[in-house]
Each structure stands twice: as C-alpha cells, then as structure tokens.
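Subject: Structure for you to look at

Hi,

Here is the structure I promised to hand over. Please open it beside this email and follow along.

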Amino acid sequence: MEDKSNFLLPNNQRFVELDSSQAFDNLTTNEKLYAHYLSQAAWNGGLIVLVQTSPESPKIFSLLHRVFVAEPLENLKQSALKSGVSEDDFQAFLVYAGGLFANSGNYKGFGDTKFIPNLPAESLELILKASKAYENDNTHILKLWQNTKNAIYGLAPRLTSLGLANKGVTTYFSSNCTEEDSNLVNDWMKTKLIEAYICRTFKTVADDGLPLYTIHLASVETSSKPPLTMDKESYKGAYFQVTRGDYSPLLKIVNEHLTTAQEYATNDNEKNMLLHYVKSFKEGDLSEHKEGSRFWIRDKGPIIETYQGFIETYRDPSGQRGEFEGFVAMVNKEMSKKFGSLVDGAERFIKLLPWGEDLEKDSFLRPDFTSLDVLTFSGSGIPAGINIPNYDEIRQNEGFKNVSLGNVIPAAYKEYTIPFLSDADKQLLEKYRVSAFEVQVGLHELLGHGSGKLLRQNADGTFNFDKEKVKNPLTDKGIESWYSEGETYDSKFTTLGSAFEECRAEAVGLYLSLVPEILKIFGYEGQEAEDVTYVNWLSLLWNGAAKATEMYQPSTKTWLQAHARARFVIMRLLELEGGGLLTVEESEPGKNLLLTLQKDRLATDGKKIIGDFLVKLQTIKATGDFSAGEKLFNKYSSLDEPWGRWRDIVLMHKQPRNIFVQPNTFHKGDAVELKRYPATAEGMVASWVDRFPNTKVDDILEKLAKENSKYFADLEPLTAA
C-alpha cells in the first residue's frame with residue numbers, strides 16, 4: 001500500500017485567483033454578452049468531464065454541490081462545529097470540495113492520481129448530517145453518501161490512478177476492457193475511418209455469447225442515424241455497433257448557450273464556427289466540429305477567443321478520446337505583439353531546426369498567435385499554452401492557432417518553494433522563470449507543435465514526399481514506413497503519442513531559446529538574454545528531476561502524465577549523454593538532491609545533444625515508426641537506480657499544484673457583471689455555488705451516473721473493500 005499522504009490535498013492547499021478583470025472591463029457590452037454566453041456553455045460542458053473521469057465523480061459532485069447550495073457556508077460551518085467536527089476537519093472538507101471542482105472529478109487533472117478527503121469518513125458524515133440539505137431531504141443525501149462513501153475513500157491499487165483494466169480506472173472504456181480490447185476497437189475503427197475523439201467504448205456480451213463493443217458518440221440526439229450510427233456487424237470474432245446520445249442532457253444546455261452567444265458574435269466566421277459546433281454536439285458528428293474549427297482558424301485576432309469541444313486526449317488510456325474543455329478569454333494586445341513577431345520570423349526559425357527540409361511541412365501555415373487573459377476555463381485543469389485544433393488533416397493542410405494563457409503563467413507559480421538547486425540558481429529561477437516560461441510556451445506551441453511533416457501515402461497511392469530522393473536521416477537509406485489512409489499520429493502512436501509529441505515540442509523550445517534574435521523579440525538582450533535562456537533550460541530540467549517522477553507509478557511502471565514523462569526524458573538524456581553538462585547528486589543521503597547545469601556549455605554541447613535527439617524524434621514521428629519511438633523512450637524514461645530511490649526524495653519535497661479560483665459573469669438587465677472571489681477554499685466553493693445556483697445539474701449528473709453504472713460493475717467489489 002502506498003503512503004496515504006500521497007493521496008491527500010493538505011489543509012494549507014494554495015488557491016490562487018485567475019484574474020482577468022482588467023481585460024474584461026475594457027470590453028464593450030456586446031463583447032461581454034458574447035463572453036458571458038460562451039462561458040455558460042463552457043461551464044455546463046465542463047460537467048461532462050465528471051462523467052469522463054470516474055464512475056463516482058458525478059455523484060460526489062452532486063452530493064457536495066447539494067450541500068453547498070442549500071445554505072450559506074458560514075451556517076454550514078457553525079452547524080458542523082456544533083456537531084463536534086473540528087475546524088481542521090471542516091477546512092479539509094472544503095479543500096477536498098475545491099479539489100473536486102477544480103479537477104472535475106476525484107482524480108488529479110495533472111497526473112491522474114486519485115485524491116481523497118483529508119478527514120475521517122465519520123467527520124465527513126457529521127458535516128453532511130449537520131447540513132440544511134440533509135434536513136430538507138435526508139433520504140436523498142444519505143443515499144448519495146452511502147453510494148459514494150467507499151468510492152470516495154477507496155485506495156485499492158487499481159483505484160489509485162486512471163488507466164485501463166487492472167492498471168486503473170477509466171470511463172472512456174467499460175471496466176471489463178483490456179488493452180487487447182482497446183487495440184481491437186482501434187483496428188475496427190480504422191477500417192471504418194472513425195476517429196475516437198467524441199466517443200466512449202462499452203463492452204457487453206451479445207446473445208450468442210460473443211463480445212459486443214458499443215462505440216457511443218457524444219450528442220444531444222439519441223436516435224439512430226446512419227451513417228453516423230451503425231448497426232451491429234461482426235469483425236474478428238466480435239460485434240461492433242455505433243450509437244449516440246452520450247452526455248445528451250448536458251450537451252443540450254451547452255447548445256442553448258452557444259446558440260444565444262451567436263446573437264452577439266461580431267463576424268461571420270464566429271457565427272459559422274458556433275453554428276457548426278452546435279450541429280456537431282447535436283448530431284454527434286465530428287466532421288461538423290472540424291468544420292467549426294476551420295472557421296475558428298479563419299477568425300484571426302478576435303477580441304474574444306474561445307474553443308470548445310472534446311479536445312485533448314491525454315486522459316484516455318489509449319490516447320485517442322477527447323476530454324471536454326471550453327475556454328473563453330480576452331486577447332492581451334501587448335503580449336500578443338511579441339508572439340506576432342515570432343510568427344513573422346517563424347519560417348526563418350523553422351529552417352534552423354536540425355531535421356532538414358524533407359521532414360518539414362511543404363509550407364508553413366501562418367497561425368494566429370495571441371496571448372490571452374483567461375476569463376473561463378472548464379475541464380480538468382488549465383494549461384499555460386495551447387496549439388489547436390488537434391485534427392491532423394487540418395493542422396497539416398490548413399493551419400492552426402496558438403495561444404499563450406498569459407494570466408495563468410504567473411498565477412501557477414505563486415508562492416512556490418524550489419528545492420534541489422544552489423542558492424544562486426534559485427535566485428535566477430525566481431527572477432526569470434515567468435519570463436523564460438513565456439518564451440518556452442511560445443517556442444513550444446508555435447515552432448514545436450507547429451513544425452514537422454508526417455510522411456503519408458494518399459488514397460490514390462501517391463505520396464506526399466519524393467520516395468526516390470528522400471532519405472531517412474537515421475539510416476541514410478530510403479524511407480521505409482509512412483502513414484496510410486485512415487491512420488493518424490494518435491492512432492499510430494496511441495499510449496506513447498502525447499508524451500512523445502510533448503517531448504519534441506519541449507526540445508524545440510530548448511534548442512531555439514539559444515537563438516539571440518528570438519530572445520530579442522521578447523525584449524531580452526545581452527546578459528539578460530543569456531540568463532533567460534539559462535533559466536529556460538534550468539527550469540525544464542529541474543522540472544524533469546524535481547517534479548516529474550511524482551507522476552510515475554512504480555507498481556505498474558507507468559507514467560501518468562505526458563509532459564512529466566517528456567521532461568524526465570530530456571533531463572535523463574542530458575544527464576547520461578552530456579558528460580557532466582547536467583549532474584544530479586544526493587546532497588544529503590535519503591533527504592536532498594542537488595541539480596547542477598553548466599551554463600557555458602549550453603550553446604555548444606547542449607545544442608548538439610538536443611539537436612541530434614530532435615532529428616531522432618522528428619524522423620520517428622514523420623515515418624510513423626512506433627516501435628523505434630517506444631525503444632527510444634523506454635531507454636530514457638525507465639527509473640533506473642538511483643532514480644527509483646530518488647523518487648522518494650522528490651515525494652518528500654512535493655507541493656500540491658495551485659488551484660485556480662475563477663470568476664463568474666452574470667447577465668443583469670442590459671449589463672454583464674463580473675464577480676470575483678477570494679483565493680481561498682471558501683472562495684472556490686462560493687464560485688461554484690454561484691455558477692450553478694440550483695440542483696438541476698445535480699439531477700442530470702446523478703441520472704447519467706446511474707445509466708452508466710452497469711458498465712463499471714467490475715469496480716464495485718474494489719470500492720466495497
């Protein structure tokens with residue numbers, strides 16, 4: 001049994017405000033209304049993530065939300081204290097609720113590990129029974145508590161993290177699905193040219209005893225509608241069918257708000273974008289979301305930026321199903337100018353990348369690159385930068401957008417202590433880490449994710465590269481593997497895909513942060529530029545050494561988070577191949593580490609090692625060579641000693657990630673009001689009560705959880721333990 005403290009959010013958990021009030025105040029009333037209705041859509045869609053995280057998450061949300069909505073928090077607290085609950089236990093209850101709301105479930109959005117309340121179940125029960133909600137409807141509250149209690153606290157090995165079959169919990173597949181099932185489903189979907197972004201997969205037994213796999217699409221409509229839905233057919237000794245109507249009542253609310261938002265859109269691109277999103281969510285038609293994304297790309301430099309749908313695939317154990325997210329943000333013009341200059345130089349900067357023009361896109365599709373102040377971000381966590389859409393054919397042929405979430409970056413770093421560095425390095429890191437991170441986000445998103453070609457054979461048999469001339473830089477022979485019709489990067493690289501691509505983008509950021517012209521764009525020259533570059537490398541390698549292994553699970557030898565694995569790989573690469581360029585040593589046996597990076601060798605040896613590595617990463621990605629990718633990654637991401645032991649030291653110094661408290665908007669009369677909340681657990685709870693002021697969403701979530709429960713029966717005995 002792992003140490004229980006690894007699954008608790010401490011009572012001193014930091015909450016930070018995600019403040020966008022200045023940018024919001026500068027909007028016109030029409031823009032505020034547009035932002036408001038988009039935010040309403042995003043928040044209601046974000047509730048889908050509860051259903052996508054664990055079977056119990058929707059029910060836990062309902063239980064907590066019902067309790068908070070029924071009375072002012074101060075009243076609940078007084079009643080709880082009177083019942084004998086301690087101040088500490090009540091605080092732990094609020095922190096747990098804050099964590100559940102922030103992560104949209106009881107597993108961390110970053111790292112996928114479970115968290116449980118930092119108070120005994122008896123105390124939690126006392127709080128519930130002291131509540132007005134219990135007084136008003138004790139049968140319902142008691143039933144919810146009895147239904148979720150064991151799942152809230154259960155730490156049987158399979159329950160400690162997200163994953164497939166015995167490796168963890170997932171709701172993207174029914175709990176009886178194994179990796180073999182997932183691969184078979186993947187094969188069948190490839191034959192039908194279905195991408196998995198908006199579906200979940202449930203395995204049952206057909207009347208004749210053969211397995212039946214139901215591919216269930218997210219949509220408002222629940223009826224069958226070929227060719228979107230498909231009747232039962234057999235394939236490799238099993239049956240397959242496609243149905244729709246997943247999350248239907250929540251998507252219905254999303255669509256109502258998106259439809260209202262259309263009235264306040266400022267141009268046809270925005271109107272068309274929303275129209276297609278609504279169609280996509282109504283029908284369960286992914287091609288409509290792609291069409292909406294095309295209009296979104298064309299909407300260059302808008303004042304209000306938004307993107308909503310089933311987007312990132314990090315949390316599907318097979319790396320293909322998208323988690324719902326929705327963001328609404330205001331463009332920060334000053335910071336966006338710097339990113340605009342980076343885009344202007346992008347074609348020149350891409351030529352500096354080490355893999356050569358044969359493995360680069362035929363033409364660089366100039367994206368929109370803006371810095372945003374986030375007003376609303378729903379889902380399981382807030383990133384610092386985004387490069388979307390994720391649809392390969394649009395990214396390769398039509399373009400994409402980059403956004404840096406400007407008000408997220410400084411908030412994420414608030415009040416953070418930094419172990420494992422010398423005092424001098426610590427001071428530099430504190431001084432420049434936000435600046436360096438903005439540079440890294442820019443390079444990572446624009447020139448990392450935005451670069452590199454996939455070598456492909458078209459449906460008519462032709463190739464998108466010259467098969468006679470193009471050589472594989474690793475073998476110096478011709479190209480021997482490529483992508484065929486119906487294959488995407490995600491479907492070829494599956495579980496490795498996210499970490500491999502994040503590693504490529506991070507390495508591009510390190511490589512290009514050595515270019516003085518790029519630092520000048522961000523306003524850094526001379527000594528200061530050198531310091532920002534050094535801090536960029538130091539920060540990423542420190543992350544790889546001091547943070548990443550928190551996201552590694554020794555019992556199953558799996559990495560739970562793509563970015564963490566990517567950073568560990570880069571750190572190990574430089575530690576093993578750098579000849580002293582990067583050293584990590586145990587400065588106090590069993591207690592402390594010291595990481596040292598040789599600043600004067602970054603532009604020479606550092607650049608060469610990362611450059612050679614980038615050629616490997618891009619060649620493997622371009623040729624779709626999954627097994628070579630797996631071999632390379634296993635070499636650098638296995639926790640060979642002393643790293644297995646050092647993980648314990650890392651965990652001793654672990655600090656919880658900051659939880660963001662977001663504001664709400666309210667449409668009152670002709671105006672839109674922005675309401676901010678204190679950066680505390682109480683403020684977090686208050687923001688969610690105002691966001692969903694009645695229990696209508698709780699009824700919906702309980703209904704969805706109940707309808708799905710039959711697919712997760714395998715997990716029941718574990719939570720009863």
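A residue counts as buried under 20% relative accessible area, exposed over 50%, and partly exposed in between (1.4 Å probe, protein chains only). This is a predicted model: local features need pLDDT of at least 70, side-chain atom pairs count only at pLDDT 80 or more, and totals for chains, interfaces and linings use all residues. Residues are numbered from 1 along each chain as its sequence is written, and side-chain values use heavy atoms, with hydrogens and water left out.

Aromatic rings

A pair of aromatic rings is described by the distance of the centres and the angle of the planes. Rings of Phe, Tyr and Trp (its six-membered ring) pair if their centres lie within 6.5 Å; planes under 30 degrees apart are stacked, over 60 edge-to-face, and the rest tilted. That rule gives 37 aromatic pairs.

Take Phe281 and Phe310. Their rings are edge-to-face, with 6.4 Å between centres and 80° between planes.

Now look at Trp643 and Trp646. This pair is also edge-to-face, at 4.9 Å centre to centre and 80° between the planes. Why are they separated by about one helical turn? Because Trp643 and Trp646 are 3 residues apart in helix 25 (residues 643–652). Trp643 has 0% relative accessibility, so it counts as buried. Trp646 is buried too, at 5%.

Ring pairs also build a cluster: Trp43, Phe61, Phe68, Phe90, Phe93, Phe101, Trp688 and Phe692.

Charges over rings

A charge sits over a ring if NZ of Lys or CZ of Arg is within 6 Å of the ring centre and within 35 degrees of the ring normal. The charged end of Arg691 sits over Trp43, 3.7 Å from the ring centre. Lys668 lies over the face of Phe666, 5.6 Å from the centre of that ring.

Strands

Two strands pair if DSSP finds at least two bridges between them. Leu217 stands opposite Arg244 in strand 5.

How many residues of strand 8 are buried? The count is 11 of 11, so to speak a mostly covered strand. Strand 7 (residues 323–332) runs antiparallel to strand 8, with 7 bridges. There, Ala329 has Val374 in strand 8 as its bridge partner. Strand 8 also pairs with strand 10 (residues 401–405), in the parallel sense, over 5 bridges. Thr370 stands opposite Val403 in strand 10.

A loop residue

Leu353 is in the loop between helix 15 (346–351) and strand 8 (368–378). Leu353 is buried, with a relative accessible area of 5%. Leu353 and Phe463 are 110 residues apart in sequence and 24 Å apart in space, C-alpha to C-alpha.

Best wishes

How values were computed
Helices (H or I, at least four residues) and strands (E, at least two) are DSSP runs, numbered from the N terminus.
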